[in-house]
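Visitor: Please show me the model. I would like to know how its features get their names.

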Amino acid sequence: MSTKANKSKKQNIKPVNNPAVVNVKRITPKWFYVIAVLIPILFFILLEFGLRMFNYGQNIEQWVKVTDSQYMLNPDIAYRYFYSTKGIPYSSKDLFYIHKRPNTFRVFVLGESSAAGFPSSPNGTFPRYIEKRLQLLYPEKNIEMVNLAMSAINTYTLLDLLPGVIEQKPDLVIFYTGHNEYYGALGVGSMESLGAYRGVVNLMLSLNKYKTVELLRNTIKSAMGLFSGSNEGKHGTLMSRMAKDQYIPLNSTTFDLGLKQFEGNMRDMLDMLKKNKIPVIMGNLTCNLLDQKPFISDKSGKTASAMLVYKKAEEKLAQGNITEAKKLFIKAKDLDILRFRAPEQINNLISELGKEYKIPVVNIDSGFCAISKYGVPGDDLMTDHLHPTIGGYNFMGKLYFDQMVKSNYLPAKYSANITMDEQDKFALSKLKFSHLDSLISRYRITILKCDWPYIEKQLPLPEVLNKFNIRNYLDSLSLYVIDSKMTWEKAHRSAAAWYLAHGRTEDFIYEMDLLIDVYPIITEYYQLTYNQLLKIKAFDKAYYYLEKEHQITPNAFNTKWLGIIDLSQNRIENCIKYLEESLGFNNSDAQILYNLAGAYAKHNNLNKALIKVNQCVSVNPNFPGALQLQAQLKAIAR
């Protein structure tokens, strides 16, 4: 080979990297990459475990145990949906059994503030009316009406709660929802937002069960508070805080997103219920059209002025043209760019979904129009822009119940021959709503209308207090409830005590009956009532509460007094049954033994009577009348 060829060959030879270096790059162990991936995963697992072990943050599990056998919706559940808002809403605290008992008819109600009964909650709601009708027709059944509705939420919350509802095996689910789709928590126009797209929002809601996500949320919240301030420091009603300056013109992008949000979430819920073969009833929405002017008109010129359309509606009504007036009132409501009242498209969607899924839809709006003074819902049925009066809520309950009958959603046919009108009158007579409740409702509405958007600027506190016209103790109790300084339950207990101190026994009983009606398993309410009635020797009235407590929790006291009162009324067999039961709790009570001896003597069972009086004397030889009765029975026995 020539020298020239050798040179050419050398020139074509490329330098080779260090073989050792090449080998290191090519044979990196696979476990190295596995560990690199596992380290952050392991970190978050350990972080989640640590947060749970130290009980970090809020308990936002869906259900909490109230007794060993009963659940209610977690009062703190709203922390899942309200990240920065102070004063979260809560539900009616309705109870149901963890293990569904035989012969139970269980209904869940899902909705917003109107379904929750604002401003008349917790006892002035349409589910309460339904419950009373069911209790009348099915006295042998366990009726469980569970109202999960809360203020300032929307279908995002309902969709998040529904899987937990389905697990509880409801016999029926009732919906009344749609007014809060824009400004309710996580809605497209809400101050509490995770964005405008359903997929992202629902994904975040599904991750809420992890404490790590809660830690991340709280960290972001704290960081944002350092730079822009937090919504927690703001004052005013929940309504004003959730929607301040969030204007949504008709047919705008945000408007359409709200409709898609509602339809998508409702479809997901109806699909789940259909899959689980759970009956459903939906209701369309009503609101105050006649006496609620549009809050804000669009001044951009892109849409007609809501206020001008409203004035035209008033003119048509004055002319007696109710049909045209109603169309214009609806149009004015839809043109209102502050969307506290659902647009008519929401009702159209409810109707379409009902037809598609073959689900009954209660026409609440038509029902309200039918009984309104001018054929258009106004202040005669509404307390504000969309929340019904107590009469309006009862009417809603009637409409839903009538649909339950029509759709054959009730249990097997009831045996009692009771007309629909008689059922309605009975339900209304059993609903408890006291003067204190009326005050609380009135004050809630007063506060609502002393803030934006009813007025441009929130009224100073002294001016609001002047509107309350506080004159007596009950007025003060109402204000404490409104200001969250006293619970609704405690206020009613305080009112009952006040009535009792002023000799108003019937008012005392009514307040206690109201508490028992809402919270029937709290035995303390029965005890407070019958103890006071026993003090004033109102034995017949006390008997009812003793018996009711006995049905929940038999004890030495209620069995003893039931027996004593039965003995005084000559109900001897009942007397013996209760007093023998009472001995099982306390076999050394001389009074029980003495009364049992008397009861057996009246029942002509002299041997048992003598045994009981001997036991009485053995326990307490000085018990009044015991030795005399013993001598009489011994003489007869000879």
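Guide: Start with the rings: the structure holds 21 aromatic pairs. Rings of Phe, Tyr and Trp (its six-membered ring) pair if their centres lie within 6.5 Å. Planes under 30 degrees apart count as stacked, over 60 as edge-to-face, and the rest as tilted.

Visitor: What makes the pair of Phe126 and Tyr400 stacked?
Guide: The ring centres of Phe126 and Tyr400 are 4.9 Å apart and the planes meet at 15°, so the pair is called stacked. Phe126 belongs to helix 5 (residues 126–137) and Tyr400 to helix 15, so the pair ties together parts 274 residues apart in sequence. Helices are DSSP runs of H or I with at least four residues, strands are runs of E with at least two, and both are numbered from the N terminus.

Visitor: Are Phe126 and Tyr400 buried or exposed?
Guide: Both Phe126 and Tyr400 are buried. Buried means under 20% relative accessible area, exposed means over 50%, and partly exposed lies in between (1.4 Å probe, protein chains only).

Visitor: Why is the pair of Tyr310 and Phe329 called edge-to-face?
Guide: The planes of Tyr310 and Phe329 stand at 65°, with ring centres 5.5 Å apart, so the pair is edge-to-face. Tyr310 lies in helix 11 (residues 306–318) and Phe329 in helix 12 (residues 322–335), so this pair ties together parts 19 residues apart in sequence.

Visitor: How do you know that Tyr310 is buried?
Guide: Tyr310 has a relative accessible area of 3%, so it counts as buried. Phe329 has 1%, so Phe329 is buried too.

Visitor: Which residues do ring pairs link into a cluster?
Guide: The cluster consists of Trp63, Tyr71, Phe96 and Phe108.

Visitor: How far is the charged end of Lys93 from the ring centre of Tyr90?
Guide: The charged end of Lys93 sits over the ring of Tyr90 at 5.9 Å from its centre. The rule asks for NZ of Lys or CZ of Arg within 6 Å of the ring centre and within 35 degrees of the ring normal. Lys577 lies over the face of Tyr578, at 4.4 Å.

Visitor: How can I trust such details?
Guide: This is a predicted model: local features need pLDDT of at least 70, side-chain atom pairs count only at pLDDT 80 or more, and totals for chains, interfaces and linings use all residues. Residues are numbered from 1 along each chain as its sequence is written, and side-chain values use heavy atoms, leaving out hydrogens and water.

Visitor: What span should helix 15 have?
Guide: Helix 15 (residues 390–406) has 17 residues, so at 1.5 Å a residue it should span 24 Å. The expected span is 1.5 Å times one less than the number of residues. The end C-alpha atoms of helix 15 are 25 Å apart, which agrees. Its buried residues include Gly392, Phe395, Met396 and Leu399. Just after helix 15, Asn408 takes a positive phi of about 60°.

Visitor: How many residues does helix 25 have?
Guide: Helix 25 (residues 572–585) has 14 residues and reaches 20 Å, close to the 20 Å expected. Ile572, Cys575, Ile576 and Leu579 are among its buried residues. The buried residues pack against helix 23 (539–552), helix 24 (556–568), helix 26 (590–602) and helix 27 (606–619).

Visitor: What does the side chain of Gln261 reach?
Guide: Gln261, in helix 10 (residues 253–275), reaches the backbone oxygen of Glu181 at 2.8 Å. A polar contact is a pair of N or O atoms within 3.5 Å; within protein, one must be able to donate a hydrogen and the other to accept it, and residues adjacent in sequence count only if both atoms are side-chain atoms. Asn265 also lies in helix 10. A polar contact of 2.9 Å joins the side chains of Asn265 and Arg198.

Visitor: What does the chain look like overall?
Guide: The chain has 28 helices and eight strands. A compact globule of 638 residues would have a radius of gyration near 26 Å, but the chain has 34 Å. That radius is taken over C-alpha atoms, and the globule rule is 2.2 Å times the number of residues to the power 0.38. Buried residues make up 49% of the 638 residues.

Conventions
Contact = heavy atoms within 4.5 Å.
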